[in-house]
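Here are my notes on the model, for your review. Please read them with the structure open.

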Amino acid sequence: MIIVLNGYPGVGKLTIARALSETIGGRLVDIHTLYNLAFALTEFRSPAFRETVRRVEAIADDLIDDLPAGEGVIFTTVLTGKGEWAMEEWKRFERRGCKRSPLVMVHLYCDLEENVRRIQSPERVGKGKLQSPDVARRNHGNQETLIGGDLPNLLELDVTALSPEQAAERIAAYCNAIG
């Protein structure tokens with residue numbers, strides 16, 4: 001099983017993914033794990049950045065292919081819009097899902113006030129994560145659609161009032177119902 005936690009910065013993807021990993025087992029591959037090398041050594045969004053991410057993802061894909069068949073993998077990401085890079089990333093998730101089906105997409109949301117609070121959290125400092133409340137305001141204002149909304153295995157989850165553990169339990173229950 002491939003579980004993709006998709007949501008805007010500061011919604012709580014990594015915190016929820018950690019709780020989910022503890023709840024159901026499975027491996028956690030956070031977007032920052034895949035992108036941090038590119039952030040450190042290349043210019044963001046440059047051709048070198050994208051190539052570095054592709055190469056790191058290829059290594060991750062090879063390692064995922066070597067995992068036992070029943071072991072799930074949990075990803076965190078921010079996939080929105082229809083741009084070339086977003087669609088390339090989405091196709092990668094679809095391929096992973098074909099190899100380790102089912103593919104489960106979880107769209108995580110929270111209200112603007114909570115998103116602003118979370119994105120400014122001291123825990124985000126020094127981790128290469130966005131911290132600007134303007135990012136949260138822009139994302140809420142634009143309402144750009146998260147990719148994967150047409151999947152049959154889609155869970156839309158408002159985590160505004162949920163603890164990470166409660167969110168993980170709801171996601172786990174959804175995944176268990178799928179099988």
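Predicted model: local features only at pLDDT ≥ 70, side-chain atom pairs only at ≥ 80, totals over all residues.

1. Residues are numbered from 1 along each chain as its sequence is written, and side-chain values use heavy atoms, without hydrogens or water.

2. The largest nonpolar core has 25 residues. Such a core is a set of buried Ala, Val, Leu, Ile, Met, Phe, Trp, Tyr and Cys residues joined through side-chain atoms within 4.5 Å. Val4, Tyr35, Val73, Phe75 and Trp90 have the most contacts inside it. Helix 3 gives the most to this core, with five residues. A second, separate core of 22 residues includes Leu5, Ile74, Val159 and Ala167.

3. Valine 4 touches Phe75, Thr77, Phe93, Leu103, Val104, Met105 and Val106, leaving aside residues up to four places away in sequence. Contact means heavy atoms within 4.5 Å.

4. Helix 6 (residues 133-142) buries Pro133, Val135, Ala136 and Asn139. Buried means under 20% relative accessible area, exposed over 50% (1.4 Å probe, protein chains only). Helices are DSSP runs (H or I, at least four residues), numbered from the N terminus. The buried residues pack against helix 5 (112-119). The face turned away from them carries exposed Asp134, Gly141 and Asn142. Glutamine 143 follows helix 6, with a positive phi near 50°.

5. Is threonine 52 buried or exposed? Threonine 52 counts as buried because its relative accessibility is 18%. This residue lies in helix 3 (residues 47-65).

Methods: Helix = DSSP H or I, 4+ residues; strand = E, 2+ residues; numbered from the N terminus.
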